[in-house]
Number of protein chains: 2
Amino acid sequence: MELRLSVCVLLVLCVTGNVNGGRILVWHTEASHWINMKPMLETLVDRGHQVTVLVPSSSMFMNSSEPSRFQYEPFNVSLPVEFIEQLVEEFLHFSLYEMDYLNIFQIHSRLIKLLKKTTNFSLTILDGVVKSETIMKKLKEGNYDLILADPIYPGSELIADILGIPLVFSLRFSIVNNWERLCGQIPAPPSFVPASVSKLTDKMDFSERVFNFIFYALQDTVLDYSMWKYVDKYYSEVRGTPTSACKMMGNADIWLMRTYWDFDFPRPFLPNFKLIGGIHCRPAKSLPKDMEEFVQTSGDDGIVIFSLGSMLKNMSTERANIIASALAQIPQKVLWTYSGKKPETLGSNTKLYKWIPQNDLLGHPKARAFITHGGANGVFEAIYHGVPMVGIPTFADQPDNMARIKAKGAAAIVSLNFMTAEDLRNAINTVINDKSYKENVMRLSRIHHDRPMSPLDEAVFWIEFTMRNKGAKHLRVQAHELTWYQYHSLDVLTFILTIVLLLTFIFIKTCSFCFQRCCGRKKTKTKAE
Amino acid sequence: MELRLSVCVLLVLCVTGNVNGGRILVWHTEASHWINMKPMLETLVDRGHQVTVLVPSSSMFMNSSEPSRFQYEPFNVSLPVEFIEQLVEEFLHFSLYEMDYLNIFQIHSRLIKLLKKTTNFSLTILDGVVKSETIMKKLKEGNYDLILADPIYPGSELIADILGIPLVFSLRFSIVNNWERLCGQIPAPPSFVPASVSKLTDKMDFSERVFNFIFYALQDTVLDYSMWKYVDKYYSEVRGTPTSACKMMGNADIWLMRTYWDFDFPRPFLPNFKLIGGIHCRPAKSLPKDMEEFVQTSGDDGIVIFSLGSMLKNMSTERANIIASALAQIPQKVLWTYSGKKPETLGSNTKLYKWIPQNDLLGHPKARAFITHGGANGVFEAIYHGVPMVGIPTFADQPDNMARIKAKGAAAIVSLNFMTAEDLRNAINTVINDKSYKENVMRLSRIHHDRPMSPLDEAVFWIEFTMRNKGAKHLRVQAHELTWYQYHSLDVLTFILTIVLLLTFIFIKTCSFCFQRCCGRKKTKTKAE
């Protein structure tokens, strides 16, 4: 059987239909979320749409003054950018240097405080839109056809509601799938759908299923207490009527989920959830000349690409030295993104960079392994190019992402805080020399590429569909209109159980009555005799 | 915003990849199931695959001696074709002339008998494959890459298991989604997923939810008793080990569901369930000359197309006369497929045909309404061409299909047994003159056409994917490995509840002990004083 997989990206655009002149308002976002959204926006501009991006003055990654093909709508936030930088730093410090040494109560106490702080910060950013008459006037006059939002920052559903226009979400995940489950109504039986950030896989033994069940319940409560409470209050004040932000999120027409079955475990989903994992992946371009020369010096051993992502550029001298000495012991050449002080143990095979063209290096024929923090963008790129991974996950979805790839046999995991140089060296050697890792990542890569349409085309199709049809409500399940006990048929079960109990009671009483009558008569008769 | 939806079917084939020379074994099927499968097989032949179709000697619709581009593998069945014709007749008679006059217990008693008879007949057909050494030898030597089956007849999963090759199902539905739910593990909360053949919609009030819940449970029991019991026994005998046919169905790699969200209510589904509803639909071709002339005489009033499907070609004289007199009262010209005696009340505007080119008539600009039994094939064609419907559903999924289209505002329903001529006339006039019906069916038609890829391309892609990758197990949820109580976390809930009760008990006992000690001491002290 001969395989001929010719991916004709340009041609498929003709299949997916075209909508000219749509006006798309893009909700502000941050960090890798913004990196991930850009290719989609570029394609929307290519297809003749006007893309307007809301940019807060406090953004770390978005810059409304940089030359761009998008229109920017900057808005003022009363908190400076340093505030978010400090918040990120605090969150990173907690995830990296505190969490491993705290018990579950201490972790949750800190987590609630951090989440409260983040929520209140997010709502302060939202003030910059909702409480600015100028911005709201501009948005109303913009005659937008659609809001496209990564819901990591709240507010897009509120604005979509105020403007009365369709809403398309694009997201990787929420904590314990809270938004997808409770707002989007996606079914997630805890028996085989691991809660996100739980580090579990879909194959759980009894104790893991107990943990998963409790984890869902616990994190839902944490989010209720540290997020929903505040957002609901904010939305209710703005709308002048009691409002559930979660219910409002449930009005989204389409949820573009940045996942796919190469990366994720199969699970139930809904007609308005579309999978666009790996949307940013693209073939490798050639490397800068000096980098290519360095790569070529690796010979048959090849190269190892090492990046801990856009957030974590630095670490303690001790950890950096352990890593450097591990890297010095492998035969590959290593390209490492690191902004800290040069480690003393750095080997001659390792070069430090402030930035590397990660995708182009992963797509280089000499790429042998990818040491990664496990951010979804990097993991998808490694799958796309078929490079086995060594995960050093730190926070958010990173431990989860790496747990997935490890379960699929394409990665090893080490701990940033606890690994020795030997652990790291062994992990790298294992994923390079044990052929199963390469075979498994190549299998994932085939799944990634062998799909009916590319994630970018899928995303663009559904955004344009929503604009063409002024929504996509025919894909929205009726579950949105049910309460939680109605959804689970608990009222029905109670009713049926009551009827059954009542009938049983009547039956027993009738039997007992008949028995008494019958025996009573017999007794009287005997007595009389 | 300008809409440019150019569907380039040929181009998308290049996107969906290509597999040359796959060897596909097609499981035997019947009636509209076979009609529906043909276009998919034709396309697979076009794409260079060898398609071999198993044809039983007792088939009503499949003919292994007719010239075809498929290879046929005929096999002998010990029962004559008359047996199945009589069984269908019995089933039709029950659905048409008995069911309306029976109570729920009588209906289920008859249903169980009919289902048992059908199951035993199906297993007799299966004997023709499994118990024929010649056929089994041929199948083993055929080196097939895949079995494609409509599971309406059992056995394909058993043969796939024996041959050790992937299995792709193509089906419209099973009773109360029994196969999809219990074997395919698709979630179907009874609170908003109406059981198939229940005639319910996704918007249910409390009493409907109670009915739906009980209906699921009742029909599952009926199927256990009248189908699974026999099939399990058969499979266990063949394999020489206790075998669950349902679990074996769960091994299917892909389930191609002949539905889509134009027609169906949105509901949860799984990654290995792909929607190919309307796969047989195609643009209209020109009509035979005399038919076109008749159609043209209709002027602005247009035509009404009337067919009760491939199974029901006849009815009582009384019913035929009522229908004919209703048709005589409408201004449209009517084309009616009817093999019975010409009704006395037939108007000059109505022509009877033994067969009509239904799709070409529905796609004719003069088509105003479609009177249909509500078979899924016809309903999809009407949606494809945007023609409002009058449903006269009789059996199987027909009442359900029409309930869906009625709920979406594109059809009226009348009862074959109880309608008067006035009812039918009013229904036809309503769907033609009340513009909302046309608007609604056009909305459904837009949804039908406006999808990322055509159902045919979707089906072909996943069949070829399964061949290319020797299965699609990465899309199969872990739920298959769980028991029902594990799936619903009942063991976890029991465990947690036990712990909570135990802790509460210990807490109460401790408090009570302390209280007693404390009060006891006080009492003794007071006494001493």
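**Helix packing and cavities**

Reply: In this predicted model, helix α11 (residues 317-328) of chain A and helix α15 (residues 421-433) of chain A have axes that come within 8 Å and cross at roughly 45 degrees.

Me: Why are α2(A) and α17(A) called oblique to each other?

Reply: The axes of α2 (residues 31-46) of chain A and α17(A) cross at roughly 60 degrees and come within 10 Å. Roughly perpendicular begins at 65 degrees and roughly parallel needs an angle under 35; the pair is therefore oblique. α2(A) passes α17(A) in a right-handed crossing.

Me: Why does α6(B) count as roughly parallel to α8(B)?

Reply: Helix α6 (residues 156-163) of chain B packs on helix α8 (residues 206-239) of chain B at an angle of about 20 degrees, and their axes are 11 Å apart. That angle is under 35 degrees, so α6(B) is roughly parallel to α8(B). The crossing of α6(B) and α8(B) is right-handed.

Me: How many cavities of 30 Å³ or more are there, and what is the volume of the largest cavity?

Reply: There are five cavities of 30 Å³ or more. The largest cavity has a volume of about 540 Å³. It is lined by 26 residues, and the closest to its centre are A:K274, A:E458, B:F269, B:K274 and B:E458.

Me: Which elements each supply at least two residues of that lining?

Reply: They are β9 (273-275) and α17 (455-468) of chain A, together with β9 (273-275) and α17 (455-468) of chain B. By class, the lining has 20 nonpolar, no polar and six charged residues.

Me: How do you know that residues 492-515 of chain A are annotated as a transmembrane region, and what is the chain there?

Reply: The annotation comes from an unreviewed UniProt entry. In the model, residues 492-515 of chain A are 100% helix and 0% strand, with the end C-alpha atoms 34 Å apart.

Technical notes. Residues are numbered from 1 along each chain as its sequence is written. Chains are lettered from A and ligands numbered from 1 in the order in which they are written. This is a predicted model: local features need pLDDT of at least 70, side-chain atom pairs count only at pLDDT 80 or more; totals for chains, interfaces and linings use all residues. Side-chain values use heavy atoms; hydrogens and water are left out. UniProt positions are given in the numbering used here, feature names are shortened, and annotations may be inferred rather than shown by experiment. Helices (H or I, at least four residues) and strands (E, at least two) are DSSP runs, numbered from the N terminus. On a 1 Å grid over the protein atoms alone, a cavity is a set of points where a 1.4 Å probe fits but cannot get out, and a pocket is an open set with protein on both sides within 12 Å along at least five of seven lines; lining residues have an atom within 4 Å of a point. Grid points are joined across faces, edges and corners, and a volume is the space filled by probe spheres set on the points. Ala, Val, Leu, Ile, Met, Phe, Trp, Tyr, Cys and Pro count as nonpolar, Asp, Glu, Lys and Arg as charged, and the others, Gly among them, as polar. Axes are lines fitted to C-alpha atoms, for helices over the stretch in contact, and angles run from 0 to 180 degrees between N-to-C directions. Angles under 35 degrees count as roughly parallel, over 145 as roughly antiparallel, 65 to 115 as roughly perpendicular and the rest as oblique. A crossing is left-handed if the near helix is turned anticlockwise from the far one by less than a right angle, and right-handed if clockwise.
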